[in-house]
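Trainee: Could you walk me through how to read a structure like this one? I would like the general idea of each feature, then the case at hand.

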Amino acid sequence: AFNLPEDPCPLAEPDTVICRCECVPMEQIRQAINDGATSFQAAKYLSRTGMGWCRGSHCAPIISQMIARQGNIPIEEASQACIRPPLFPVSLEEALDTEDLA
């Protein structure tokens, strides 16, 4: 609902946990950015951030802002993620097929 400030974590120390689900600290995220992460997805691969229960819903905006700021790239580019919901579409025919349940 609100835009992030220019520096999303002004008081964060290197050991401050940014991704609560996977306990990823600020220094690990900064290292991922230094290692070449130019999107949230890339930071996820390099640091395990965003792989917990919330799927990055809490940490992704902060990490994307860090990447955009440090890499001097648009936030839209830094925010790119490959979201895979835990659900998949089922046809009506499959949903109504009760023969296999017996």
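Mentor: Let us start with Cys-23, which sits in the loop between E1 and E2. Helices (H or I, at least four residues) and strands (E, at least two) are DSSP runs, numbered from the N terminus. This is a predicted model, in which local features need pLDDT of at least 70 and side-chain atom pairs count only at pLDDT 80 or more, while totals for chains, interfaces and linings use all residues. Residues are numbered from 1 along each chain as its sequence is written, and side-chain values use heavy atoms, with hydrogens and water left out.

Trainee: Is Cys-23 buried or exposed?

Mentor: Buried means under 20% relative accessible area, exposed means over 50%, and partly exposed lies in between (1.4 Å probe, protein chains only). Cys-23 counts as exposed because its relative accessibility is 56%.

Trainee: What should I look for in the backbone angles?

Mentor: Most residues other than glycine have a negative phi. Cys-23 is not a glycine, yet its phi is positive, at about 55°. Asn-72 also has a positive phi, near 55°. That residue comes just after H3, in the loop between H3 and H4. With a relative accessible area of 72%, Asn-72 is exposed.

Trainee: How many helices and strands does the protein chain have?

Mentor: The protein chain has five helices and two strands, and from the N terminus on they run β-β-α-α-α-α-α.

Trainee: Which residues of H3 are buried?

Mentor: An α-helix has 3.6 residues a turn, so residues three or four places apart point the same way. In H3, the buried residues are Ala-60, Ile-63, Ser-64, Gln-65, Met-66, Ile-67 and Ala-68. Their cover includes strand E1 (17-19) and helices H1 (26-34), H2 (40-47) and H4 (75-78).

Trainee: And what is a nonpolar core?

Mentor: It is a set of buried Ala, Val, Leu, Ile, Met, Phe, Trp, Tyr and Cys residues joined through side-chain atoms within 4.5 Å. In soluble globular proteins, nonpolar side chains tend to be buried together. Here the largest core has 18 residues, of which Ile-18, Ile-29, Cys-59, Ile-63 and Ile-67 touch the most other members. E1, H1, H2 and H3 each give two or more residues to this core, and H3 gives the most, with five.

Trainee: What does Ile-67 touch?

Mentor: A contact means heavy atoms within 4.5 Å. Leaving aside residues up to four places away in sequence, the partners of Ile-67 include Ile-33, Phe-40, Ala-43, Ile-73 and Ala-78.

Trainee: Which residue forms a salt bridge with Arg-48?

Mentor: A salt bridge is a side-chain nitrogen of Lys or Arg within 4 Å of a carboxyl oxygen of Asp or Glu, and the count here is one. Arg-48 pairs with Glu-22, their closest N and O atoms being 3.1 Å apart. The two are 26 residues apart, with Arg-48 in the loop between H2 and H3 and Glu-22 in the loop between E1 and strand E2 (24-25). Arg-48 is partly exposed at 46% relative accessibility, and Glu-22 is partly exposed at 27%.
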